[in-house]
Amino acid sequence: MGALDAHLVPAFDGVAYGLLLFVVAAGLSLAFGTAGVLNLAHGWLYAIGAYAGAALSDGSWAGLAAGLAAGTAIACAAGALLALATAPLARRGHLDQALLTFGLALIGGNVLIEVFGADEQPVHVPDALNTSVSLLGHRYPAYRLGFIVAAVLLAAAGSWVLRGTRAGAAVRAAADDPDMLAAGGRNPRTVHAAVLTVSGALAGAAGVLGAPIIGPGPGTGDTVLMLSLIVVVLGGLDSLWKTLLAAVAVGQVQTLGVSLVPDLAPYLLFAAMALVLVLRSRSAVAEPPPAPVPAATGRVRKAVRERFRRPGGLPRGLRRLTRPAPPAQRATGLLALSAALGALPWLLDDYSLSLAGHALALGLLAASVTVLTGWAGLPTLGQTAPFAVGAYATALLADAGWTVGPVQVAVAATAAALFALVVGPAVIRARGTTVLMITLAIGELTHTAVGGLTSVTGGTDGLVGFPSTEVWWGAGAPENEATVYWYTLAVAACALAVTLIVLRSPAGMLLTGSRAAEARMRASGHPVDRYLTAAHVGAGALAGVAGSLLVTGRQYVSPADVGFEIAAFALLAAVVGGTVSVVGAVFGAGLIVATRDWLSGIWPGYGPALLGVLFVVTVYLLPRGLPGLFAARSPGAPARKATS
């Protein structure tokens with residue numbers, strides 16, 4: 001009884017925390033479930049309200065009311081802006097929406113830091129609430145009790161609006177049957193815009209009221225976004241009450257879970273998110289598959305199977321998707337690129353050369369994203385997981401005295417490939433946005449693990465001080481930055497060459513066929529799951545090599561190098577490259593590194609905003625990536641495939 005009594009206060013804290021997440025996640029759920037927008041700027045909307053509430057809070061009721069009005073209004077306007085910004089992307093799927101809203105969040109977060117500073121802001125609540133009350137023999141903050149009451153009333157009001165009003169009926173119709181809504185005289189796009197606007201207002205109000213619980217600071221938006229995504233995944237999109245239950249469960253894990261199982265609590269949320277997504281994707285796959293072609297029996301089935309297995313036997317649309325450039329043109333371009341990259345040590349200073357090496361490592365990571373997103377049709381935000389495995393494997397090998405570069409690369413690639421093989425079954429059966437969320441959960445679980453296993457990974461301090469990599473047996477430590485760069489370039493060139501050879505082989509064409517015509521491939525007897533597993537393992541090995549090169553160049557690795565932001569950068573680099581060009585992905589990575597590290601040196605403090613602009617420009621002006629600027633679009637050639 002005494003132990004139960006000791007956990008009473010954390011349990012109430014979990015309720016308050018969960019109800020705060022519910023208010024935020026309700027807006028995200030509406031935006032995704034009704035307007036169909038995967039809004040990665042939702043945490044930024046919360047931060048707007050939190051900063052506004054903190055700035056206007058002075059310990060009076062008038063200050064609280066002013067902060068609530070200002071924060072809600074500004075976030076509401078930002079939600080309307082997001083509605084306008086995402087409207088042109090309605091037919092382009094959730095991948096473009098995610099990239100655009102993430103870029104806008106980077107810009108908006110940079111603006112908030114410029115206005116309010118980089119330190120966490122204090123919040124002053126009214127004196128009447130800035131006290132504690134007796135609760136079952138314990139003292140508990142009065143403000144949190146008041147917030148619990150307000151959030152429950154908001155949940156009841158929201159449920160009534162959705163279920164008992166004409167506006168709620170229009171919102172439900174916009175989600176379930178927009179054509180019928182249009183036939184009734186209402187414009188679904190107007191409803192979608194209104195939902196995004198209301199979603200922003202909810203997030204802003206939650207930011208003001210929740211500032212004493214999750215206060216305004218540089219990382220507030222990211223924290224709230226991740227927790228809100230978990231709540232939406234666990235609660236689903238069909239009921240506010242399910243969202244409420246999921247939010248309270250998440251709140252309990254964040255507070256009571258830390259009290260009861262502190263070692264496991266950091267992993268529980270993303271593990272639960274991944275499990276729910278995998279189970280839902282499995283149930284979807286378990287539905288009756290499309291009926292096979294009636295005549296595909298005996299010799300006919302064998303003929304269809306052989307037709308798909310021959311490179312030239314792919315359907316015309318698939319041949320167009322995989323048609324390579326003429327060999328002479330490819331060879332000339334690659335030689336020119338290799339010569340230009342090889343000459344950089346004579347053209348750049350040591351700092352710029354180190355940035356070029358870092359861009360090559362990030363480029364390999366982006367190339368692994370290209371293999372999965374563009375070729376296998378599995379859009380991913382989780383390639384930082386095998387990237388982290390390769391990076392930490394290299395650092396630990398070096399620390400143990402294994403400093404030969406080829407050995408480090410081989411071990412890193414093998415470890416990352418094994419990791420990808422283990423988690424592959426959770427990924428390859430899902431499709432579209434579900435893949436994004438599953439891979440995000442895997443990436444965040446890995447990020448949490450490398451931050452928590454202090455005895456192995458150094459925790460948040462990272463690993464540093466290990467011996468330098470020898471580029472070859474007996475070569476000794478590199479004498480200068482140029483040697484490290486040439487080693488990085490040589491390994492990256494070999495890895496890219498192997499990747500290109502595989503992708504341009506019949507195996508690559510079968511992979512493309514699995515993405516573009518999965519039902520036909522399965523009907524003709526192809527083991528599509530095996531193809532996707534092979535792609536996932538190969539992409540994992542490529543990411544592991546990238547992680548090894550990152551450690552070789554920087555002589556340091558920390559959780560910040562393998563977090564969600566890096567995953568988003570890698571996905572953007574793949575999109576810049578056109579999603580099917582591994583060489584283009586390297587160019588995209590170079591553009592990102594130049595923007596983040598070089599341009600931000602010219603304009604200090606504006607690095608996130610510059611990257612945000614790059615995200616926005618890429619989505620709007622490069623729908624087919626950089627290759628789309630140089631190649632005329634053939635009559636039937638599709639733009640980037642939607643992930644919805």
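The model contains 7 salt bridges, a salt bridge being a side-chain nitrogen of Lys or Arg within 4 Å of a carboxyl oxygen of Asp or Glu. This is a predicted model, in which local features need pLDDT of at least 70 and side-chain atom pairs count only at pLDDT 80 or more, while totals for chains, interfaces and linings use all residues. Residues are numbered from 1 along each chain as its sequence is written, and side-chain values use heavy atoms, with hydrogens and water left out.

**First stop: the salt bridges**

Select aspartate 529 and arginine 429, whose side chains form a salt bridge with N to O at 3.6 Å. Aspartate 529 belongs to helix α24 (residues 528-554), and arginine 429 to the loop between α18 (405-428) and α19 (433-452), so that distant parts of the chain, 100 residues apart, are linked. Helices here are DSSP runs (H or I, at least four residues), numbered from the N terminus. Aspartate 529 is partly exposed at 22% relative accessibility, and arginine 429 is partly exposed at 27%. In these terms, buried means under 20% relative accessible area, exposed over 50%, and partly exposed in between (1.4 Å probe, protein chains only).

Next, select glutamate 518 and arginine 431, a salt bridge in which the closest N and O atoms are 2.8 Å apart. Because glutamate 518 lies in helix α23 (residues 518-523) and arginine 431 in the loop between α18 and α19, this pair ties together parts that are 87 residues apart in sequence. Glutamate 518 has a relative accessible area of 22% and is partly exposed; arginine 431, at 29%, is also partly exposed.

Arginine 522 is partly exposed, at 37% relative accessibility. Which residues do salt bridges with shared partners join into one network? They are Arg429, Arg431, Glu518, Arg522 and Asp529.

**Second stop: the aromatic rings**

The model has 6 aromatic pairs. Rings of Phe, Tyr and Trp (its six-membered ring) pair if their centres lie within 6.5 Å; planes under 30 degrees apart count as stacked, over 60 as edge-to-face and the rest as tilted.

Select tryptophan 346 and tryptophan 486. Their ring centres are 5.2 Å apart and their planes stand at 55°, so the pair is tilted. Tryptophan 346 sits in the loop between α15 (327-342) and α16 (350-375), and tryptophan 486 in helix α21 (residues 481-503), so the pair ties together parts that are 140 residues apart in sequence. Tryptophan 346 is exposed, at 65% relative accessibility, whereas tryptophan 486 is partly exposed, at 34%.

Move on to tryptophan 472 and tryptophan 473. With ring centres 4.9 Å apart and planes at 90°, this pair is edge-to-face. Both tryptophan 472 and tryptophan 473 are exposed.

To finish with the rings, select Phe102, Phe564, Phe569 and Phe615, which ring pairs link into a cluster.

**Last stop: a patch on the surface**

Select Leu260, Val261, Leu264 and Leu268, a nonpolar surface patch with about 330 Å² of accessible area together. Patches are made of residues with over 30% relative accessible area and no salt bridge: like charges are joined within 9 Å, nonpolar side chains (Val, Leu, Ile, Met, Phe, Trp, Tyr) within 5 Å. Accessible areas come from the Shrake-Rupley method with a 1.4 Å probe. Leucine 268 is found in helix α12 (residues 265-285) and is partly exposed, at 38% relative accessibility.

Key
Helix = DSSP H or I, 4+ residues; strand = E, 2+ residues; numbered from the N terminus.
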